[in-house]
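This report describes how two chains meet and how the elements at their contact are placed. The sequence and structure are shown first.

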Amino acid sequence: MLKSTYDALKANIGRRSFLKMAAIATAAIATSALANDGITRSATEQEIKNPFPGSENIKTICTACSVGCGIIAEVQNGVWVRQEVAQDHPISLGGHCCKGADMIDMVRSEVRLKHPMVKEGGKWKRLSWDEALDRISAKLKSAHEKFGADSAMFLGSAKMSTEQAYYFRKFAAMYGTNNIDHQARI
Amino acid sequence: MANTWGYGAMTNSLGDIQNAKAIIIFGANPAVNHPVGFQHFLKAKERNNAKIIVVDPVFTKTAAKADYYCRLRPGTDIPFMYGMLHLIFKNGWHDKNFIKDRVYAMDEVMEEAKKWNPKKVEDVTGVPADKLIQITRLYAQSTPGTLIWAMGLTQHSIGSSNTRLAPILQLALGNMGEEGGGTNILRGHDNVQGATDMCCLSHTLPGYYGLSDGSWKYFASSWGVDYDWLKGRFHTKEWMNKKGFTLSRWWAGVLDGKNGNDKIHNGGTNLKNLIVMGNGITSIAQQAKVKEGLDNLDMLVLCDPFVNEAAILTDKQDDVFILPAATQFETSGSVTATNRAAQWRNKVIEPMYESKADQDIMFELAKRLGFYEQLTAGMKIKENKKDFQWPEDATDEIARIIKTIGLTGWTAKRLKKHSENWHMFDEISGRGYGEMKGEYYGLPWPCWTEKHSGSPILYNINRSVAEGGMGFRNRFGLEHDGVDLLAGKGSAPKGSANIDGYPEITKDNIEEVLGIKLTADEKRRIGKNWKVDTSNIIAEKCMQRGMAPYGNAKARAKVWTFPDPIPLHRESLHSARPDLVKEYPSYADKGNHYRVDTQYISKQTEKDWSKEFPINLITGRLVNLNGAGMENRASKYLAALSPEMFCNINPNLAGIHGIRDGSMMWIHSPEGTKIKVKAKYSYAVSEDRVWIPFHFAGHFQGEDLSHKYPNGTKPYAVGESANTVTNYGYDIVTQIPETKGGLCRIEFA
């Protein structure tokens with residue numbers, strides 16, 4: 001098991017129950033070497049044809065680069081389960097590069113940031129969204145009063161949607177500054 | 001580019017490259033950076049027998065697919081292009097009619113080009129004279145030819161001259177406004193074009209409206225807020241009109257001119273708080289300065305799906321907030337591809353863990369800062385609604401307001417329909433079939449009206465305006481130095497009621513220029529000019545008359561407001577050729593350049609940098625990583641393809657320094673910084689230069705900072721940031737960093 005998987009599980013379930021689960025897993029692997037043990041079985045033809053019953057295919061667009069390749073995302077019960085190339089997309093024509101093919105794994109990456117955090121006294125500490133937003137806006141507000149709006153710098157993104165980018169620019173304007181930029185300037 | 005003919009964007013499309021007979025690529029590596037887009041280049045080669053020419057300091061994977069490769073010394077694109085122009089004019093290969101009718105001041109370019117004979121070009125660029133002659137003849141005689149570039153042209157102190165001379169080369173050959181021609185910039189990230197159009201930029205409001213009082217008033221009323229309230233939010237009124245700090249230089253705003261740093265001019269304060277949303281600031285130039293800037297902030301807020309490595313780089317102990325932003329698959333909205341075409345990106349799943357979409361983070365902050373109502377009012381105006389629906393109402397708000405680049409036709413409904421029916425469009429022309437007939441895929445802007453087809457090829461006069469045709473934009477006045485700036489007779493778009501050149505359309509000139517009469521009601525509703533005409537009467541009338549709302553003018557080879565009105569060669573601030581620094585010195589230092597004093601000649605002549613730092617340093621990309629690599633290094637599969645930072649080095653150069661393939665080496669920068677990376681032998685680089693990828697972070701000057709990631713968030717690959725050793729140097733107009741023209745020194749580690 002990869003170290004980070006171990007870390008992620010450890011954080012949630014503690015060492016004792018983890019060892020218990022690991023023992024069960026080991027037993028399962030050991031016994032599944034024997035055929036028809038009642039724990040595993042061969043998939044049915046129906047299951048091979050359609051492993052995710054009731055899933056939905058969603059057409060969407062890759063976020064890697066400016067080519068804008070089509071992606072078919074298969075979603076079952078709110079979980080992104082499979083990704084397929086879009087054979088009929090007029091630009092990508094069924095192509096994907098390794099980054100594009102990896103979109104599903106990027107979204108489901110185990111090392112995603114999972115909750116707000118703040119560094120205090122050199123240590124990372126978890127906090128709620130409300131507390132984080134309250135503290136950030138209190139600081140922005142007092143700096144606006146004390147030093148003026150030009151004490152803030154906003155860096156937006158070429159990874160935002162057009163609507164988000166527009167709203168980020170509007171946000172900076174309404175905060176009161178032109179100190180705003182994004183990756184077009186690199 | 002915008003300063004040459006009106007808009008700064010890719011003029012044609014990826015599919016249209018299949019129409020080219022020749023493809024010349026400067027400082028771009030699409031085989032690696034846009035692999036799926038590159039299939040259109042390869043199809044041009046296979047189906048059309050198009051010749052591919054690559055001009056690049058490094059033998060890239062794109063070069064491996066090319067018919068001709070020119071190994072250029074970094075920072076000498078201008079001499080190379082003048083060398084081409086020299087031969088084109090000398091041999092009469094230029095398009096004389098096109099130049100006469102559609103270009104201003106080409107004669108001054110001809111004068112400058114005379115200086116650049118092939119021998120001279122060989123001395124400055126390192127490209128053999130016979131090779132220059134060979135590729136110029138080929139390119140000039142294989143029309144239409146398309147010209148491709150990316151950051152290899154922009155990331156120089158003279159980047160803004162590079163990106164003017166490339167269009168001039170295309171204008172000279174009459175390759176503009178043609179299928180298979182054009183200047184095709186390849187954007188990096190998925191929505192560079194869209195975010196740029198929305199002007200997440202310090203020098204302008206959305207749609208490139210600028211920062212003048214008129215623009216602010218137009219936006220205040222379009223946003224449904226009181227202009228005086230908006231004005232009151234700023235330090236003082238005059239700061240509304242001043243350009244802000246840039247992504248490349250914000251850190252100077254924190255450091256406030258102390259300890260020898262460049263002086264700043266910023267509303268009576270230095271920068272205290274930095275709010276970052278989706279921006280890998282560990283891949284901007286001069287990382288040691290970035291770190292110093294971060295360390296000296298009051299508060300740092302980073303919103304990303306992964307830990308933004310700025311949080312790891314800084315030694316700041318308090319008030320560093322990292323907020324989990326949703327990915328773009330956990331929200332929906334439109335995204336503009338490199339060819340100005342929009343696609344609707346559907347939401348795939350709900351935000352995972354506790355993550356929130358960017359707009360929700362903004363809205364929550366705005367509520368607490370007391371301007372949520374004002375921020376969202378614009379979404380309710382069109383239908384006078386009580387509440388709004390994200391993102392559709394935001395898309396429609398943009399369509400309602402942004403006239404300058406013709407977004408009126410980009411309603412949420414239409415964009416969704418295009419993406420839903422993406423199978424009903426042609427791969428080369430973008431033309432729709434069946435139900436989508438009469439429209440181009442993604443409605444490339446300008447899309448003047450809610451029925452307009454979109455404009456897949458800018459400045460194409462072979463089509464009617466209603467079908468995406470247009471001349472060059474009338475943006476720089478009607479005349480300059482007594483020369484008419486409007487297009488010559490007969491170079492109006494097909495079917496135009498006015499076959500002459502004509503000015504941009506205003507309320508005052510519409511009747512005369514279009515030859516129509518407005519009704520009293522129309523006169524009451526029409527806006528002052530096409531850019532602020534929310535009634536859209538101007539655009540509608542223009543479509544009927546086959547005329548472009550922005551006029552029909554000449555492109556200009558001369559930008560009289562720029563430091564070099566005609567593009568001139570100037571050596572990089574850190575040049576390996578001190579003899580040429582004397583002949584082609586940089587600009588005078590520039591005060592208050594986006595709020596910070598910026599050095600040019602004083603940095604260049606501080607000493608002979610090439611003595612201590614004799615090797616050219618070039619940065620670039622890998623196929624499996626993107627930008628700062630924050631997203632891709634968080635994928636175990638992609639990270640496994642390049643698990644560590646490395647440096648491509650020619651074995652003969654490495655041998656001199658005792659560096660073996662796979663051993664560690666130091667790269668030292670003139671800034672006094674260094675990185676420790678693994679040497680990778682490669683003949684793709686010549687013996688005078690090294691190449692490093694810029695996607696890594698998590699190490700700093702030999703130190704592994706991995707222990708600073710919060711538990712469970714460390715990406716699968718970490719390494720030195722290339723930008724720790726990129727040099728000081730910024731473009732004279734845009735402040736884009738000179739990361740493609742620096743120097744370094746290497747040693748065995």
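Strand β4 (residues 117-120) of chain A pairs with strand β9 (residues 320-324) of chain B in the antiparallel sense, over three bridges. Strands here are DSSP runs of E with at least two residues, helices are runs of H or I with at least four residues, and both are numbered from the N terminus. Two strands count as paired if DSSP finds at least two bridges between them. The model is predicted: local features need pLDDT of at least 70, side-chain atom pairs count only at pLDDT 80 or more, and totals for chains, interfaces and linings use all residues. Residues are numbered from 1 along each chain as its sequence is written, while chains are lettered from A and ligands numbered from 1 in the order in which they are written.

β9(B) also pairs within its own chain: five bridges join it to strand β8 (residues 299-304) of chain B, and these two strands run parallel.

| Residue | Partner | Strand of the partner |
|---|---|---|
| B:L302 | B:I322 | β9(B) |
| A:N57 | A:E74 | β2(A) |

Five of the five residues of β9(B) are buried, so this strand is largely enclosed by the rest of the structure. A residue is buried if 20 or more other C-beta atoms, placed from the backbone, lie within 10 Å of its own; it is exposed at 12 or fewer and partly exposed in between. B:V320, B:I322 and B:P324 point one way from β9(B), and B:F321 and B:L323 point the other way.

B:V301 is in contact with A:I136, B:L274, B:I275, B:V276, B:F321 and B:L323, leaving aside its neighbours within four places in sequence. Contact requires C-beta atoms, placed from the backbone, within 7 Å. B:V301 is also named, with B:I23 and B:I53, among the residues with the most contacts inside the largest nonpolar core, which has 281 residues. Such a core is a set of buried Ala, Val, Leu, Ile, Met, Phe, Trp, Tyr and Cys residues joined through C-beta atoms within 7 Å. Helix α6 (residues 162-175) of chain A gives the most to this core, with nine residues.

The contact between the chains takes 133 residues from chain B and 101 residues from chain A. On the side of chain B that touches chain A, helix α18 (residues 358-369) of chain B supplies the largest share, eight residues. This side divides into 64 nonpolar, 48 polar and 21 charged residues.

Chain B has 29 helices and 25 strands. Buried residues make up 62% of its 749 residues. The C-alpha atoms of chain B fill a box of roughly 80 × 65 × 50 Å along the principal axes.

In chain A, three strands form an open antiparallel sheet in the order β1-β2-β3. Its edge strands are β1 (56-61) and β3 (79-85) of chain A, each pairing on one side only. β1(A) and strand β2 (residues 70-76) of chain A pair over six bridges.

Definitions and conventions:
Contact = placed C-beta atoms within 7 Å. Nonpolar A, V, L, I, M, F, W, Y, C, P; charged D, E, K, R; others polar.
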